[in-house]
Amino acid sequence: MPEPMTLNNTKAMARFQEALERRGLTMPAGPIDDAPTPEEPGHPEYHRRQRAAAALSRWETATPRRYHQATTTHPQVTAWADRAIEDIETAGTLLLFGTIGTGKTHEAYGALRRIAAAGLPRYSLIATTAADMHGNLRVHNDPQHDIEHELTRYCRIPLLFLDDIDVFKQSETTEQNMFRLLNDRYNECRPMIMTSNLLVRDPDGGRDLAAVLGDRLTSRLGQIATVVPITGPDRRQEFR
Ligand SMILES: Nc1ncnc2c1ncn2[C@@H]1O[C@H](COP(=O)(O)OP(=O)(O)OP(=O)(O)O)[C@@H](O)[C@H]1O
Ligand SMILES: [Mg+2]
């Protein structure tokens, strides 16, 4: 009975090779390794790097010029960013607080850069101050300006950075918008970074974040926030 012609059958392979040579054709010796390398499309690392490059470009667009060199230097901030990279839904809120000029905004942009560089499947962010956000959510003369649409954008964006969370003129409208925004992000497990000069609750009865946000939002923050004090002198003197 003739032997079946398989790739393991060396006699059959030799005959096949001879036939090719008679026709002036050649066959490379051994199997062809056509698996992509990390430098080539098709390899997961290649695609991760492509995503990271696009995300870093988005980060740069969203980041004010002063913070273009920002990287995280605080271990707790780095750890929070790494948690967000690991599982964006369980990262919760990073709340950086400290006195003026200690580097809160710098650390926040550094954390956002670190997340961008990881090359997650989806990276989009809004980085703004609370004052600018409330300004944007005020009634405008422009009939095209749809406040509900804007609020939905802040709610749905995968990453939101609200700088100086306590610096805005409070009114019934700002209170309502803040509640709707933070409550929605809390419900949907969407991460946020916030900065403030205020303690969440001041034991000495001074103005604190609880007074700005109200007890219901403070309770939600208590559950999901990683509160990191950024201490030290006013670094603006150092980087004059
Ligand atoms: N680790 C750092 N490396 C280099 N520059 C830094 C660092 N931290 C802060 N800076 C610089 O110090 C200055 C103050 O930092 P930043 O604006 O982050 O302070 P802040 O705590 O947000 O202040 P504020 O409470 O007034 O908003 C900025 O010019 C910033 O670029
Ligand atoms: Mg700041």
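Predicted model: local features only at pLDDT ≥ 70, side-chain atom pairs only at ≥ 80, totals over all residues.
## A tour from the ligand outward

**Stop 1: the ligand shell.** Now colour the helices.

**Stop 2: polar contacts.** Stay on ligand 1 and show side chains. Begin with Y67. One of its polar side-chain atoms lies 2.5 Å from an oxygen atom of the ligand. Next, select R236. An N or O atom in the R236 side chain is 3.0 Å from a ligand oxygen. Then go to N197. Here the distance from a side-chain N or O atom to an oxygen of ligand 1 is 3.2 Å. Ligand 1 exposes 630 Å² when taken alone, and the protein buries 86% of that. Hide the ligand and look at the space it took. That space is the largest pocket.

**Stop 3: D164.** Move to the loop between β3 (159-163) and α7, and select D164. Check its backbone. Phi of D164 is near 50°, a positive value in a residue other than glycine. Is D164 buried or partly exposed? The relative accessible area is 26%, so D164 is partly exposed; the buried class would need a value under 20%.

**Stop 4: E172.** Step on to helix α7, residues 172-187, and select E172. E172 counts as exposed because its relative accessibility is 70%, and the cut-off for exposed is over 50%. E172 and L96 are 76 residues apart along the chain, and their C-alpha atoms are separated by 26 Å.

**Stop 5: C189.** Go to the loop between α7 and β4 (192-196), where C189 lies. What is the phi of C189? It is positive, at about 55°, although C189 is not a glycine. C189 has 39% relative accessibility, so it counts as partly exposed.

**Back to the start.** Select Y67, R236 and N197 in turn: the distances to ligand oxygen atoms are 2.5 Å for Y67, 3.0 Å for R236 and 3.2 Å for N197.

Key. Residues numbered from 1 in each chain as written. Chains lettered and ligands numbered in written order. Heavy atoms only, no water. Polar contact = N/O pair within 3.5 Å; in protein donor to acceptor, adjacent residues only side chain to side chain. Areas by Shrake-Rupley, 256 points an atom, 1.4 Å probe, with all protein chains shown as cover. 1 Å grid on protein atoms, 1.4 Å probe; cavity = no way out; pocket = protein on both sides within 12 Å on 5 of 7 lines; lining within 4 Å. Sits in = over half its atoms within 2 Å of the grid points. Helix = DSSP H or I, 4+ residues; strand = E, 2+ residues; numbered from the N terminus. Buried < 20%, exposed > 50% of the residue type's maximum accessible area, 1.4 Å probe, protein only.
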